[in-house]
Amino acid sequence: VTTGCTVRMELAQKNMEKGKDGLFKRMGGEEGIAQFMDRVYDLIQVDNRIKSWFAGKNYQAIKEGQRVYLTELLGGPKIYKGKDLVEIHKGMNLSDYEFDCFLANCEKAMSGLGIEDETIDEAIVSMEPVRAALMNRAQGLAAHAKMVDGQNILERFGGEMNVESVVEMMYSGALGDPRVRFYFEVSKDKIQAIKHKMTQLIVGAFGGPVTYDDGKMRQIHYNMNITDYHFDALLENFWCAA
């Protein structure tokens with residue numbers, strides 16, 4: 001069910017690596033993005049899932065601010081002079097579900113304007129990184145900066161040996177989980193290699209020695225069609241194991 005979406009998004013991401021000039025033009029330039037935002041907000045006004053975001057607020061000012069921001073985000077001139085997105089959305093407690101609803105309205109609006117699927121995918125890929133700022137999630141925060149009482153995550157987790165134990169239990173759980181089992185049914189030698197690399201990755205991410213190059217992650221997993229659903233399932237197994 002989700003494989004098609006995964007492949008589309010991967011293709012869009014590769015296209016975006018060439019730059020966004022073409023995307024801005026295919027969106028119709030500033031006029032096209034203004035029409036797009038008008039259509040998005042027409043949809044939001046009747047969307048019971050998220051219209052409460054804007055209750056009692058200056059609807060037109062918000063729409064205009066987003067138009068300017070998206071003009072720049074989608075490859076147009078750098079004209080946004082507003083506040084940082086984290087500051088704007090602080091305390092709103094937005095969820096992934098609500099942001100997904102907003103993106104769904106964006107997709108529906110572009111489709112209604114006759115924009116091609118490939119361009120829609122590239123626009124959605126361009127907007128996705130905004131998610132972290134809207135939900136006030138820190139981006140790029142190193143593990144050594146996530147200190148509590150002078151201890152990093154790895155120290156609070158109990159050290160590398162505890163990580164190894166949790167990875168072992170997580171892997172056992174994944175093998176019995178129909179959502180992700182397919183990815184882990186491999187030879188014994190490969191199983192040990194995967195567990196070892198997982199441990200290295202997690203130890204480094206938690207503030208320990210960095211012995212695994214996470215730059216390899218994209219290349220290794222590119223053709224596996226892993227979605228957020230699968231990744232969340234694996235994290236659930238990690239949480240249960242921990």
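I'm working on a predicted model here.

**Cysteines.** I searched the whole structure for disulfides and got zero. I then looked up the accessibility of two cysteines. Cys101 is buried, at a relative accessible area of 2%. Cys240 is exposed, and its relative accessible area is 55%.

**Asn152.** Where does Asn152 sit? I find Asn152 in the loop between helix H8 (130-134) and helix H9 (153-157). Is Asn152 buried or exposed? I get 9% relative accessibility for Asn152, so I log it as buried, the cut-off being under 20%. Next I checked what the side chain of Asn152 reaches. One of its polar atoms lies 2.8 Å from the backbone nitrogen of Glu155. The Asn152 side chain also reaches the backbone oxygen of Gly207, at 3.3 Å. I note both as polar contacts, because each pair of N or O atoms falls within 3.5 Å.

**Surface patch.** Which residues make the nonpolar surface patch? I list Met224, Ile226, Phe231 and Leu235, with a patch area of about 320 Å². I followed up on Met224, which is in the loop between helix H13 (217-221) and helix H14 (228-241). Its relative accessibility comes out at 30%, so Met224 goes down as partly exposed.

Note on methods:
Residues are numbered from 1 along each chain as its sequence is written. This is a predicted model: local features need pLDDT of at least 70, side-chain atom pairs count only at pLDDT 80 or more; totals for chains, interfaces and linings use all residues. Side-chain values use heavy atoms; hydrogens and water are left out. A disulfide is a pair of cysteine sulfur atoms within 2.5 Å. Buried means under 20% relative accessible area, exposed over 50%, partly exposed in between (1.4 Å probe, protein chains only). Helices (H or I, at least four residues) and strands (E, at least two) are DSSP runs, numbered from the N terminus. A polar contact is a pair of N or O atoms within 3.5 Å; within protein, one must be able to donate a hydrogen and the other to accept it, and residues adjacent in sequence count only if both atoms are side-chain atoms. Patches are made of residues with over 30% relative accessible area and no salt bridge: like charges are joined within 9 Å, nonpolar side chains (Val, Leu, Ile, Met, Phe, Trp, Tyr) within 5 Å. Accessible areas come from the Shrake-Rupley method with a 1.4 Å probe; for residues, only the protein chains shown count as cover. A salt bridge is a side-chain nitrogen of Lys or Arg within 4 Å of a carboxyl oxygen of Asp or Glu.
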